[in-house]
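Here are my notes on this model, point by point. Please read them with the structure open.

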Amino acid sequence: MKKLLLIVLAVMMAGGAYAQKIVGLSSKARAGEAAANSTYVNAVRKAGGVPVVIPMTTDDRQIDAILNVIDALIMTGGEDIAPLKYFGEEPHPNLGEVVPARDAFDIKLIRKAVEKGIPVLGICRGVQVMNVAFGGTLYQDIPTQLPTYAIQHSQDAPGSEGTHSITIDKNSELYKQVGKENIAVNSFHHQAVKDVAPGFKATAKSKDGCIEAIEMVKNPKVWGVQFHPEHLVNGDNAENFIGIFKALLQ
Ligand code: MN
């Protein structure tokens, strides 16, 4: 009997019941590096996953090979997206740094990942890339462009501190992971989703009407947040945010 149990356990383990899930992290563009902030690495590990950094490339074979080995993808935060090239708008005077190679990589990576049915979480720039990759637009500078702009979205407080509240749609992946309709989140952005991409919906907003989360209607495992849960998992309300990363491993 004992022997049988051991055999069953061995078969389950070999079959992947306890397999480690690999989460790809889109990399940032700093010259001479292929890197992602360690906060993303630590958050994935905290949730029980194995993080891998994906170096920038637009080579289809490179991207396809990586998508064949990862179980989920995080599109990480960073620079602004080229507005004329990706959503047909002239650059606003307050547009920040744009990195063309990162734009091209991110857009190709997320489109291919979604096509393959891989769960994708977009964070900050990542949710903006997600929206633009599927036909949405952005506010290039919310202080001057969001008509209802009224609260601080570029906090000076540490990233582990939530400083503005958001209201979460109960029928959303974000609500499923957080379990609350109102939470405080951090905020480090001057851009935001404007027109939500066709096939996506807004699932959270700040009090001044800024979109703070979106998800794909027919596949809610493709979703994103404007705040930074990878910092908030180190704060006082960490339990509100760890589910966002655990969701990638389900
Ligand atoms: Mn915000």
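**Notes on the predicted model**

1. Cysteine 124 is buried, at 7% relative accessibility. This is a predicted model, and the points below should be read as such. Cysteine 124 sits in the loop between β4 and α6 (125–133). Its phi is positive, near 55°, and the residue is not a glycine. Most residues other than glycine have a negative phi.

2. Helix α6 comes next. Nine of its nine residues are buried, so the helix is largely enclosed by the rest of the structure. After α6 comes glycine 135, with a positive phi near 100°.

3. The sheet is open and has nine strands. Their order is β2-β1-β3-β4-β11-β10-β9-β6-β7, and the pairing is mixed. The edges are β2 (50–54) and β7 (182–185), each of which pairs on one side only. On average, neighbouring strands are turned by 25° against each other, direction ignored.

4. Strands β3 (residues 72–75) and β4 (residues 120–123) run parallel and are joined by three bridges. Methionine 75 stands opposite glycine 122 of β4.

5. Which residues coordinate the manganese ion? The donors are His153 (ND1), His164 (NE2), Ser187 (OG), His189 (NE2) and Glu212 (OE), at 2.2 to 2.3 Å. Along the chain the donors of the manganese ion follow the spacing H-x10-H-x22-S-x1-H-x22-E. The pair of serine 187 and glutamate 212 links distant parts of the chain, 25 residues apart. Serine 187 is in the loop between β7 and β8 (192–193), whereas glutamate 212 belongs to strand β10 (residues 211–216). Both serine 187 and glutamate 212 are buried.

6. Glutamine 155 lies in the loop between α7 (142–145) and β6 (164–168). Is this glutamine buried or exposed? It is buried, with a relative accessible area of 5%. Its side chain reaches the backbone oxygen of proline 158 at 2.9 Å.

7. Glutamine 140 is another buried glutamine, at 1% relative accessibility. It is placed in the loop between β5 (138–139) and α7. The side chain of glutamine 140 reaches the backbone oxygen of glutamate 90 at 2.9 Å. Setting aside residues up to four places away in sequence, glutamine 140 touches Pro83, Phe87, Glu89, Glu90, Pro91, His92, Leu95, Gln145, His190 and Gln191.

8. Now the nonpolar packing. The largest nonpolar core has 32 residues, and Ile74, Leu174, Phe227 and Phe245 have the most contacts inside it. Helix α2 (residues 38–47) gives the most to this core, with five residues. Another core, of 29 residues, lies apart from it; among its members are Ile70, Leu73, Val193 and Val222.

9. Beyond four places in sequence, its contacts include Val23, Leu25, Tyr40, Val44, Leu121, Ile123, Phe245 and Leu248. Tyr40 and Val44 are among the buried residues of α2, along with Thr39, Val41, Ala43 and Ala47. The buried residues of α2 pack against β1 (22–26), β2, β3, β4, α9 (229–232) and α10 (242–246). Just after α2, glycine 48 has a positive phi of about 105°.

10. Last, aspartate 64 in helix α3 (residues 60–67). Aspartate 64 is partly exposed, with a relative accessible area of 27%. It touches Lys112 and Lys116, not counting residues up to four places away in sequence. The C-alpha atoms of aspartate 64 and lysine 112 are separated by 7.7 Å, although the two residues are 48 apart along the chain.

Conventions:
Residues numbered from 1 in each chain as written. Predicted model: local features only at pLDDT ≥ 70, side-chain atom pairs only at ≥ 80, totals over all residues. Heavy atoms only, no water. Pairing = 2+ DSSP bridges. Helix = DSSP H or I, 4+ residues; strand = E, 2+ residues; numbered from the N terminus. Axes fitted to C-alpha atoms, helices over the stretch in contact; angles between N-to-C directions. Donors = N, O, S within 2.8 Å, 3.2 Å for Na, K, Ca; no water. Buried < 20%, exposed > 50% of the residue type's maximum accessible area, 1.4 Å probe, protein only. Polar contact = N/O pair within 3.5 Å; in protein donor to acceptor, adjacent residues only side chain to side chain. Contact = heavy atoms within 4.5 Å. Core = buried A, V, L, I, M, F, W, Y, C linked by side-chain atoms within 4.5 Å.
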